[in-house]
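The following note sets out comments on the model under review.

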Amino acid sequence: MAKEPLLKRHPWMMHVLVMIGISIVILVLVFLFIKIYARQGKEYELPDVVGSNIAALRAENPLALDIVVLDSIFRPNTEGGLILTQDPKGGTAVKKGRKLYVTITAYNPEDAVFPELAGLTVRQAVSELRSCGLEIGRLKFVEDPYKNTIIDHTCKGKTVYAGQQIERGSVIDLVVGLGDSTGSSVVPFVIGKTADMARRDIIAASLNVGKEHFRGVKNRLTAVVYKQEPDYTGVSHYRYGTSIELWYIDAEDTDVDKMIREFKVDSTKIDDPNAIDDGRPTPEEIESSDRWTW
């Protein structure tokens, strides 16, 4: 006598198999939904939008980015809405619809409260002014027993006082004590830096920004320094207030990291007759010392 099929002899097994089949189908559907919802495997390279206008970016926005403005900074003679910084940076792999945090130029100037700078060093004053959205113009050194210390500050030739309301983006000139008249500083290394960063580092070193050459540059916000004069040697000191001349190139037209790596210190500059030997540190000491870094 032939045996009955297994499922007829054990009907409960049919229910188990049906449940297993349904579970597999549900799992497959769940994984497909997660893959579609999370857009797995569909990442795109985020473009570098620094220098672009935020209105134009929002109008195009092919990646449907959620653009969040973190801050706005007023820049004289600069149109409002230009993107100054972005996070994540250009080149990052992102999915559509992610948040992009930006800092832009303000459309209208806002007032800031001028900080108390009396007794601060140039480096400290630069930090205070920039945190208030103010720009630093020229450093003028005068005879005073307090070396490299702020004595006065002016805007368009008029003295400004701590607590005074002043438009953000205003350019502040600083009057600084010369001390024993032998004050000097190492020229900072600004190759590969944007104009904003280069100016900050030069002034923080108690030096002045000289002529800036943007010939042929398409985007001044992202352009980087490819040449500076005097050159950086790491050892030559120049008198406070010395002007540093800068030449710029569009960042997208050059390999900035390679340019920095290939920079060679010109040893002939070390014995520059205009330089001052004032206990000159080695390049290694400069890199490891807070005195010379921002």
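1. A salt bridge is taken here as a side-chain nitrogen of Lys or Arg within 4 Å of a carboxyl oxygen of Asp or Glu. Lys193, Arg200 and Asp201 are linked in a network of such bridges, and the structure holds seven salt bridges.

2. Some conventions apply throughout. This is a predicted model, in which local features need pLDDT of at least 70 and side-chain atom pairs count only at pLDDT 80 or more, while totals for chains, interfaces and linings use all residues. Residues are numbered from 1 along each chain as its sequence is written, and side-chain values use heavy atoms, with hydrogens and water left out.

3. Accessibility is classed as buried (under 20% relative accessible area), exposed (over 50%) or partly exposed (in between), using a 1.4 Å probe and protein chains only. Asp201 is buried, at 9%, whereas Lys193 is partly exposed, at 22%.

4. Asp196 and Arg130 form another salt bridge, and their closest N and O atoms are 3.0 Å apart. This pair links distant parts of the chain, since Asp196 lies in helix H5 and Arg130 in helix H4, 66 residues apart. Helices (H or I, at least four residues) and strands (E, at least two) are DSSP runs, numbered from the N terminus. Asp196 is partly exposed, with 24% relative accessibility, and Arg130 is partly exposed at 30%.

5. Glu212 and Arg199 also meet through their side chains in a salt bridge (3.0 Å, N to O). Here strand S13, which holds Glu212, is linked to helix H5, which holds Arg199; the two residues are 13 apart in the chain. Glu212 has a relative accessible area of 28% and Arg199 one of 32%.

6. The largest pocket contains about 1600 Å³ of space. A pocket is found on a 1 Å grid over the protein atoms alone, as an open set of points where a 1.4 Å probe fits, with protein on both sides within 12 Å along at least five of seven lines; lining residues have an atom within 4 Å of a point. Grid points are joined across faces, edges and corners, and the volume is the space filled by probe spheres set on the points. Of the 50 lining residues, the closest to the centre are Arg75, Thr194, Asp196, Met197 and Leu221.

7. Which element gives the largest share of this lining? Helix H5 does, with six residues. The lining divides into 21 nonpolar, 15 polar and 14 charged residues.

8. Two cis peptide bonds deserve attention in the backbone. The bond from Asp87 to Pro88 is cis, with omega near 5°, and Pro88 is in the loop between strands S3 and S4. The bond joining Glu229 and Pro230 is cis, with omega about 5°, and Pro230 lies in the loop between strands S14 and S15.

9. Most residues other than glycine have a negative phi. Asn148, in the loop between S7 and strand S8, has a positive phi near 60° and is buried at 14% relative accessibility. Ser206 has a positive phi near 65°; Ser206 lies in the loop between H5 and S13 and is buried, with a relative accessible area of 2%.

Key:
Ala, Val, Leu, Ile, Met, Phe, Trp, Tyr, Cys and Pro count as nonpolar, Asp, Glu, Lys and Arg as charged, and the others, Gly among them, as polar.
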